[in-house]
2 protein chains.
Amino acid sequence: MSVSEILDGKLTGKEVEIKGWLVNKRSSGGVQFLIIRDGTGLIQATIHKNEVAPEIFEEAKKLTQESSLTIRGSVVEDKRAPGGYEVRISELKIVHLAPGDYPLAKKEHGIDFLLNHRQLWIRSPRQMAILRIRAEVVKACRDFLDDRGFVLTDAPIFTPSAVEGTTTLFEVPYFGDKAYLTQSGQLYVEATIATFGKTYCFGPTFRAEKSKTPRHLTEFWMVEPEMAFCGFEENLKLQEEMVTYIVKTVLDKRCRELEVLKRDIKPLRKVELPFERISYTEAVEMLQKAGFQIEWGEDLGAPHERYISLQFEKPVFVHRYPAKAKAFYMQPDPENPNVVLCADLMAPEGYGEIIGGSQRIHDLKLLEQRIKEFGLPKEAYEWYLDLRRYGSVPHSGFGLGIERTVMWICKLKHIRETIPFPRTITRVYP
Amino acid sequence: MSVSEILDGKLTGKEVEIKGWLVNKRSSGGVQFLIIRDGTGLIQATIHKNEVAPEIFEEAKKLTQESSLTIRGSVVEDKRAPGGYEVRISELKIVHLAPGDYPLAKKEHGIDFLLNHRQLWIRSPRQMAILRIRAEVVKACRDFLDDRGFVLTDAPIFTPSAVEGTTTLFEVPYFGDKAYLTQSGQLYVEATIATFGKTYCFGPTFRAEKSKTPRHLTEFWMVEPEMAFCGFEENLKLQEEMVTYIVKTVLDKRCRELEVLKRDIKPLRKVELPFERISYTEAVEMLQKAGFQIEWGEDLGAPHERYISLQFEKPVFVHRYPAKAKAFYMQPDPENPNVVLCADLMAPEGYGEIIGGSQRIHDLKLLEQRIKEFGLPKEAYEWYLDLRRYGSVPHSGFGLGIERTVMWICKLKHIRETIPFPRTITRVYP
């Protein structure tokens, strides 16, 4: 029996047992009002002096914030109770009486204090709502891909070389040699598509970026689908469908959590097919008109993405970036080889990039040329070049950042709340 | 349209288009027999000289192993074809003609050669079957837990300290400081149960063990469920149910892959509730009788686990190990404080440990004492001790190793084949 079942109205009139923690309490006349958290939600429980044995009423008086307890009682509908239901307690047992000094008892705390107490902060209703939505987003990604025949093929974390430059890599001493923590599993799922046609990896990725921004973590999770015999358009279509599915799933299953966050869901309801699309070239013109100092050829930065993102009510693809601003493996546009068949998906409401994707180069000669132009060590990519030597096919894929997606869906100001134990350049504790 | 649909008998008599790779071919009279892989399975396709245009028949003659191609044709049932169906080709297009030097063309190769060509080795039917089963095992774990109300809470990869000793930790330079790659997410899911009641983490874990054995990788995946208000018995019950569910799911959905591996499924069919149970003390007696040099108090090693595992037809729990042989956080047995309420689950057929689990100490004083006895730095565990200060509850959990589980289910000799890109003390490439 769980609080969520009570809140769903499934246990009204029934006798229940709930095991949980005291969130807070107040007293009025002969009634104590307890708010209890059991892991599935929060419920009000009342204990009436004239309905229980005197020692139970006295025991309840001792309860402090975050004490653990077991209660028994009957479920009644009550419009005045938060959530619309309450438990009238008949029995109560304290499992562990917390000392009265709960570190997060006050309403307001500085962010360092909260992060230093992340093990307790995650118990607050707001953090609970965010992390529950995170779990739903992860599950939505997996269900979406599994249902479409994608096969999970985990990419390695220890890698011998970098996908996108080496300056932002974590280097690990490795039995007298060295290895690097992965920044993306893409090259590896490009290999597994020849086994399974459609694959994805889903795991933590790492960037040793020194930038301390509200959108960066050193450790973050990415889902990276890859498809054989798949061109640029089909790739965008899958992205649209996947993001729409994620948002719809959260709206369907996590409305209670979105309410806790006071998230205005109107903008989320607008996330429908098809998404908006503009070319990089159009984006630069739009930015220049708005007064941004940007020249064609430069990559877009966070302020640019933010501006573009605010011009549309739906997620918008910015496609066909200059080849030189993007990674070596992207397929040139046949109609204009200065740009590549890539697109970044910008979430609306100013959130910017949540997906980066592209069609990959499948021609061996061209890929070798690009590796040379980008000054990369060819020997490190020999295995990757093999994929173009033996049965190369047009293929495409993308990477969706879980934390940035959760940040947008929850409409958070900072990415650090989107993961149970965030890691930043100044933090690996707790 | 996919090969798996053809093999399921859903497309018999229909016209299909298949995109894939040539696995091999032979010729007999006016017929060429192509075996084609499309990512969902292998299918025989025949091309008859008197049924197609001469240039198509000539084109097919050029095909080399691992060339990519598109075919159209009609599906016919044919008992002689592997899988019972074949495609009679009417159209054929080569997408990319591989050179005739496919590195894995020969039947037999040394293991180093195979691992150096892992990007191609994973295309072989055997590796494809293993990795498909791996994906099914991962999905089964997640479905099982999600369906029972467990909430995914990802544990961090960068950690400030070790769960079990520091000698087997990978140390990472971290912005002028240092961090360690996680060996287990357990301490972190112990924190998140106060938020969600039942949680799990599922991610890569790392051990810098120098031991080069067929059961060790430096990078491997673990699923670690944790439950509030849960004792030792309930924990074992969940493990039994989960392992049974995993095996049943693979038997149901991946019988084709088990056949490719020539896996005798009779032992897998015997995996039913309840599992066998023996105490550590009984295990030691059993080992001593069999001639092993082992004294009460020593931890069990691989040969011991292997022997015990061979004595039972089902998975067997070895429970209640000596406190000193196990981790600091395990709850003492109230009936004998020299042993702890832990159990390792040994897979049958000689495979040994696939799960380690325990009830955790929930009493603050006892946990502090253990940290001291084990010589661990208390400051590093202050956040973890907070979980016992504020609303501590009896709780239990376990960790299931994905690779060891796949190794057993597939009945493999070495763990390196259970993951797309294995990492060992001598290998981070490709």
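**How two chains meet in a predicted model**

Guide: Chain A has 14 helices and 18 strands, where helices (H or I, at least four residues) and strands (E, at least two) are DSSP runs numbered from the N terminus. This is a predicted model, in which local features need pLDDT of at least 70, side-chain atom pairs count only at pLDDT 80 or more, and totals for chains, interfaces and linings use all residues. Residues are numbered from 1 along each chain as its sequence is written, chains are lettered from A in the order in which they are written, and side-chain values use heavy atoms, with hydrogens and water left out.

Visitor: What share of the residues in chain A is called buried, and by what rule?

Guide: Buried means under 20% relative accessible area, with a 1.4 Å probe and protein chains only. Of the 430 residues in chain A, 61% are buried.

Visitor: Why are the two copies said to be related as by a two-fold rotation axis?

Guide: Two copies of a chain are related by a rotation about an axis and a shift along it. Here a rotation of 180 degrees with 0.0 Å of shift superposes chain B on chain A, with an RMSD of 0.0 Å. The two copies are therefore related as by a two-fold rotation axis. The superposition is by least squares on the C-alpha atoms of residues with pLDDT of at least 70 in both copies. In chain B, the residue closest to the axis is B:Val172, its C-alpha at 2.6 Å.

Visitor: What makes up the area buried between chain B and chain A?

Guide: Buried area is the accessible area (1.4 Å probe) that two parts lose on being put together, summed over both. The value is about 7400 Å², and carbon and sulfur atoms give 68% of it. B:Phe175, B:Phe229 and B:Tyr390 supply 11% of what chain B buries against chain A, more than any other three residues.

Visitor: What makes B:Lys139 and A:Asp146 a salt bridge?

Guide: The rule asks for a side-chain nitrogen of Lys or Arg within 4 Å of a carboxyl oxygen of Asp or Glu. The closest N and O atoms of B:Lys139 and A:Asp146 are 4.0 Å apart, and the pair forms a salt bridge. The count between the chains is four salt bridges.

How values were computed. Buried means under 20% relative accessible area, exposed over 50%, partly exposed in between (1.4 Å probe, protein chains only).
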